[in-house]
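I opened this entry to keep track of what I looked up, in the order I looked. The sequence and the structure come first.

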There are 2 protein chains.
Amino acid sequence: MAQTEWSEHVHAVLSQAGLKRGASRERVIELLATKPCALSAVEIEDELRASGRPTGRASVYRVLDLLVEHGLAERLEVGDGQARFERSHPDGEHHHHLVCDRCGRLVAFDDPGLEQAIDRLSDRLGVRIDSHDVLLRGACQRCG
Amino acid sequence: MAQTEWSEHVHAVLSQAGLKRGASRERVIELLATKPCALSAVEIEDELRASGRPTGRASVYRVLDLLVEHGLAERLEVGDGQARFERSHPDGEHHHHLVCDRCGRLVAFDDPGLEQAIDRLSDRLGVRIDSHDVLLRGACQRCG
DNA sequence: TACAAGGTGAGATTGAGTCTCATTACTGTT
DNA sequence: AACAGTAATGAGACTCAATCTCACCTTGTA
């Protein structure tokens, strides 16, 4: 899904939910649209300020929470004490991450076998699984 | 592995590493030994104080970091802004968690299929995977 | 017992994230 | 276009897990 498609989808969902538009929200959405992978709230705030579109901290967090609530973004934590956010695709397509111990880089990957294993798990455990996160720690190809 | 075995193993590893014993360390280790699953640093500090063995916050965090460094404990985050810790087994046996959206309960599970899928992944991606976390979110059996 | 290296903890500090509330902006209606 | 009602915004105070500092205490060894 292209960046533009994603932000259009976001606007559609939010207006469907009866929400008004607002400048801060637009800014955060536009920024996320251009970033395929994991950005922290602080990074978002800094990038917006750096690009001449300063946005209140409260608004940044509000928008991110809103997006996550509506399934439009994913929240993930890699263990450095801050949450990261990335846009998520409405068709359920998603990826997971490897954190490199050496260089700290975040590498995205997806794997049907893994998704399958998790689907099976839901039945076996007798629980409803709404979402899942897989985080690998190790050495990335560059450092490995 | 029984509680006692685990704490003996911990002491063996740490003394092997040339570390001295210390009262705070003993207290944290003994407490973790009795808890099979995910305890936060704050909970550890509180439980120790409540049981008449008050221990400095700095020491609690130091001990936990030490255990994680030596592979004697696992750190996990379930998205509530605080890290949780649990003892880990030297044979590599481990479990993962489901966080119930409704009641907040943490349910442990293990699954060979999942582990297998992750093993395969390592080859396919061409990276070295040292450890992994899987976190499911959904409804536990009780709330489901 | 002496001594060096490690261990400990009170309290200050950091920093991500939350909360408040007065102000401003959006949108549908007359 | 003016209005009304409701949603959005942001400065800054606040919370709280986690980190840092540093003077003091313990342990293990010779």
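**Entry 1: Chain A as a whole**

I counted five helices and six strands in chain A. The model is predicted, and local features need pLDDT of at least 70, side-chain atom pairs count only at pLDDT 80 or more, while totals for chains, interfaces and linings use all residues. Residues are numbered from 1 along each chain as its sequence is written, and chains are lettered from A and ligands numbered from 1 in the order in which they are written.

Along the sequence I read the pattern of chain A as α-α-β-α-α-β-β-β-β-α-β. The C-alpha trace of chain A spans about 45 × 35 × 25 Å along its principal axes.

I then looked up burial. A residue is buried if 20 or more other C-beta atoms lie within 10 Å of its own, exposed if 12 or fewer, and partly exposed in between, with C-beta atoms placed from the backbone. By that count 27% of the 144 residues of chain A are buried.

For contacts, two residues must have their C-beta atoms, placed from the backbone, within 7 Å. Among contacts in chain A between residues at least 6 apart in sequence, 54% join residues at least 24 apart.

**Entry 2: Ala33(A)**

I found Ala33(A) in helix α2 of chain A. Is Ala33(A) buried, exposed or partly exposed? Ala33(A) counts as partly exposed, because 17 C-beta neighbours lie inside 10 Å. I also noted Trp6(A), 27 residues from Ala33(A) along the chain, with 6.7 Å between the two C-alpha atoms.

Strand β4 (residues 96-100) of chain A is mostly covered, with four of its five residues buried. I checked its pairing next; two strands pair if DSSP finds at least two bridges between them. Strands of a sheet pair through backbone hydrogen bonds, either parallel or antiparallel.

β4(A) runs antiparallel to strand β5 (residues 106-109) of chain A, and four bridges join them. I located one of the partners: Leu98(A) is bridged to Val107(A) in β5(A). The hairpin of β4(A) and β5(A) has five residues between the strands, and Gly104(A) in that hairpin takes a positive phi near 80°.

β4(A) also pairs with β6(A), in the parallel sense, over four bridges. There I found Cys100(A) opposite Gly138(A) in β6(A).

**Entry 3: A sheet in chain B**

In chain B I looked up an open sheet of three strands, ordered β1-β3-β2 with antiparallel pairing. Its edge strands are β1 (39-40) and β2 of chain B, each of which pairs on one side only. β2(B) and strand β3 (residues 83-87) of chain B run antiparallel and are joined by five bridges. Glu77(B) has Ala83(B) in β3(B) as its bridge partner.

**Entry 4: How chains A and B are related**

I superposed the copies by least squares on the C-alpha atoms of residues with pLDDT of at least 70 in both. A rotation of 179° with 0.0 Å of shift along its axis places chain B on chain A, at an RMSD of 0.1 Å. The two copies are therefore related as by a two-fold rotation axis. In chain B, the C-alpha nearest the axis belongs to Val134(B), 2.3 Å from it.

The contact takes 31 residues from chain B and 30 residues from chain A. On the side of chain B that touches chain A, β2 (73-77), α5 (112-125) and β6 (128-139) of chain B give two or more residues each. Which element gives the most? β6(B) does, with twelve residues. I sorted this side of chain B into 14 nonpolar, eight polar and nine charged residues. The classes are Ala, Val, Leu, Ile, Met, Phe, Trp, Tyr, Cys and Pro as nonpolar, Asp, Glu, Lys and Arg as charged, and the others, Gly among them, as polar.

Strand β6 (residues 128-139) of chain A pairs with β6(B) in the antiparallel sense over eleven bridges. Asp133(A) stands opposite Leu135(B) in β6(B).

**Entry 5: DNA strand D**

I counted a residue as near a strand if its C-beta atom, placed from the backbone, lies within 6 Å of it. Of the 27 residues around DNA strand D, Gly22(A), Ser24(A), Gly56(A), Ser59(A) and Ala58(B) come nearest. α4(A) supplies the largest share of this surface, five residues. The surface near DNA strand D divides into ten nonpolar, ten polar and seven charged residues.
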